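Me: I am new to this entry and would like a short tour. Could we begin with the terms and then go through the parts?

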Amino acid sequence: MATQKRAARDGDLSFDLEGGAVRGVRFGGVEVVRMIDYPIRDASWRTLAVEEIAEERSPEYGLRRRFRSGDGAFRGAFELQAGQDGDVARVEARLELVAERDVEVNRAGFVLLHPVAGVAGAPLEATHADGSREATAFPELISPGQLVVDIVGLRHRVGPVEVAIEMEGEVFEMEDQRNWTDASYKTYCRPLSLPRPYLLAAGDVVRQRIVVTLTRGAAGA
């Protein structure tokens, strides 16, 4: 069944909501995040279908979505707050997943897709779980391996927009998926170096938070 897409805007900050995912985050017309989603992948890498329980919206732009997985393994809640204040915009996403029974998964949590335009070859700073920072870059040529691992924060520019991303509740890593149909750089959890599938026991709770802060300035500043 097709999902309805609807547009959201606050000043120069805009994005679409589709099937619970945040798509095409733009600031001043510049795409800065392609997608924020939270797929649940089972032990065979199949994405579990979810069904809506309720969705509540507030004017500013706030959203609270409650859902359950179609196989009854999980219930969850997704919260979104987004808005602009002058030259700064902020998108905050929170996720809570509760296992209703013992279940093995390969992934359960946030996934971010980064655009290619204005990003390929650009400098990238990653913050690691121990607080250290690594200066690197988005590759220009497609990379076969993980670009950065042990990520709790990212900072880079897309044209005139500085993008800062903070992550809580899990350690993330990034890969290059420009050879896929949805060409992008992908930041995801859980790290592929950890054993999988892994068990979430009945009653286990996954809580994650992503904050994207966008600051507008002169290109190259």
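Reply: A residue is called buried under 20% relative accessible area, exposed over 50%, and partly exposed in between. Please note that the model is predicted.

Me: Then how does Glu 52 count?

Reply: At 40% relative accessibility, Glu 52 falls between those limits and therefore counts as partly exposed.

Me: Which side chain does Glu 52 meet in a salt bridge?

Reply: Glu 52 meets the side chain of Arg 65, at 2.9 Å from N to O. Glu 52 belongs to strand β6 and Arg 65 to strand β7, so the pair ties together parts 13 residues apart in sequence. Arg 65 has a relative accessible area of 4% and is therefore buried.

Me: How many salt bridges are there by this rule?

Reply: The count comes to 19. One of them joins Glu 96 and Arg 207 at 3.0 Å, N to O. That pair links distant parts of the chain, with Glu 96 in strand β9 and Arg 207 in strand β19, 111 residues apart.

Me: Which residues are linked in a network of salt bridges?

Reply: The network links Arg 90, Glu 92, Arg 94, Glu 168 and Arg 209.

Me: Changing topic, is strand β3 mostly covered or mostly open?

Reply: Strand β3, residues 21-27, is mostly covered, with five of its seven residues buried.

Me: What pairs with β3?

Reply: Strand β2 pairs with β3 in the antiparallel sense over five bridges, and five bridges also join β3 to strand β4, again antiparallel. Arg 23 in β3 is the bridge partner of Asp 16, while Val 22 has Ile 36 in β4 as its bridge partner.

Note on methods: Residues numbered from 1 in each chain as written. Predicted model: local features only at pLDDT ≥ 70, side-chain atom pairs only at ≥ 80, totals over all residues. Heavy atoms only, no water. Buried < 20%, exposed > 50% of the residue type's maximum accessible area, 1.4 Å probe, protein only. Helix = DSSP H or I, 4+ residues; strand = E, 2+ residues; numbered from the N terminus. Pairing = 2+ DSSP bridges. Salt bridge = Lys/Arg side-chain N within 4 Å of Asp/Glu carboxyl O.
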